[in-house]
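Cover the strands, the helices and the pocket.

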Amino acid sequence: MAELRQIQLDILDKIHEFCTERKLRYSLGGGTLLGAVRHKGFIPWDDDIDIMLPRPDYDRFLNEFVGVCPHYVVQHYRNDDYAFPFAKVYDNRTILIEHCITTGVFIDVFPVDGLPDESCINSYIKQMDKLARNVYHNTRSATMYSPFLRRWIKRLLFHSRTKSIERLETHLHSYDFDSSSYAGAIIGKYHEKEYMQIKVFKKYIDVAFEGKTYKAIADYDLYLSKHYGNYMELPPKEKQVGDHCFEAWWK
């Protein structure tokens, strides 16, 4: 675990340095932000790092981070056989396999999108879910068989899946971030809990995480309260477990 986390922290260090130099807005997100606030580092049973960037900064990051470090790879659907509408940055000196998907030890990078007003958000999420189901259905279909059959099935489904992700991406771009009243990294697992007033994602502060300083949204209390309720209280012992299942090693 210590070795895994160190690889993730090294990636985060490079992203922090890059975003600071390019004046890109980013924040720790999800359980990583909770860990920073409650533990000043990783949640003791957590095994990943999540960050989030407003959509304009996210799109710039995908384009500009490429080649910044020879062993860090930006993985997203436009440059890889990759099935998700968010990105990863992984260390190509490592291999990580999770749910039949092969990558390297990574951190997740989520876009924070502009969103509609409250009167339209339910229909927006409903349409997003419909588009997302098409993406994940095609991905699962391509991983259910033997390696030989998977190669052929993935070739047959690749075009369909790519089109599905493109339609989902178009939907996520429906509302300009900087001119919207609401925003959120709504494509992540927290879903509608991410829906917040745009002001939450406009101001950033420094926070401590594993002995270093990174960026976080200033209004983290509102964000974490909506996600976790009384977030400073530890969950019951039986829930203090990680929610990922993977194997990872050095090449």
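In this predicted model, three strands form an open sheet in the order E6-E5-E12. The pairing is antiparallel. E6 and strand E12 (247-250) stand at the edges. Each has a single partner strand, so one side of each is left without a neighbour in the sheet. From one strand to the next, the twist averages 15 degrees.

What holds such strands side by side? Strands of a sheet pair through backbone hydrogen bonds, either parallel or antiparallel.

Look at two pairs of strands. E5 and E6 belong to the sheet above. The other pair, E10 and E11, forms a hairpin.

| Strand pair | Sense | Bridges | A bridge |
|---|---|---|---|
| E5 and E6 | antiparallel | three bridges | Glu98 with Ile101 in E6 |
| E10 and E11 | antiparallel | six bridges | Ile205 with Ala216 in E11 |

Strand E10 covers residues 204-209, and strand E11 covers residues 212-217. Two residues lie between the strands of this hairpin. There, Glu210 takes a positive phi near 55 degrees.

Now turn to two helices. H2 and H6 pack with their axes 11 Å apart. The angle is about 120 degrees. Angles of 65 to 115 degrees count as roughly perpendicular, and those over 145 as roughly antiparallel. H2 and H6 are therefore oblique to each other. Their crossing is left-handed.

Next comes empty space. Rolling a probe the size of a water molecule over the atoms shows where empty space is left. The largest pocket has a volume of about 1,400 Å³. It is lined by 49 residues. Which of them are the closest to its centre? They are Asp48, Asp50, Lys189, Asp243 and His244.

Which element gives the largest share of the lining? H4 does, with six residues.

What classes of residue make up the lining of the largest pocket? There are 23 nonpolar, 12 polar and 14 charged residues.

Technical notes:
Residues are numbered from 1 along each chain as its sequence is written. This is a predicted model: local features need pLDDT of at least 70, side-chain atom pairs count only at pLDDT 80 or more; totals for chains, interfaces and linings use all residues. Side-chain values use heavy atoms; hydrogens and water are left out. On a 1 Å grid over the protein atoms alone, a cavity is a set of points where a 1.4 Å probe fits but cannot get out, and a pocket is an open set with protein on both sides within 12 Å along at least five of seven lines; lining residues have an atom within 4 Å of a point. Grid points are joined across faces, edges and corners, and a volume is the space filled by probe spheres set on the points. Helices (H or I, at least four residues) and strands (E, at least two) are DSSP runs, numbered from the N terminus. Ala, Val, Leu, Ile, Met, Phe, Trp, Tyr, Cys and Pro count as nonpolar, Asp, Glu, Lys and Arg as charged, and the others, Gly among them, as polar. Two strands pair if DSSP finds at least two bridges between them. Axes are lines fitted to C-alpha atoms, for helices over the stretch in contact, and angles run from 0 to 180 degrees between N-to-C directions. Angles under 35 degrees count as roughly parallel, over 145 as roughly antiparallel, 65 to 115 as roughly perpendicular and the rest as oblique. A crossing is left-handed if the near helix is turned anticlockwise from the far one by less than a right angle, and right-handed if clockwise.
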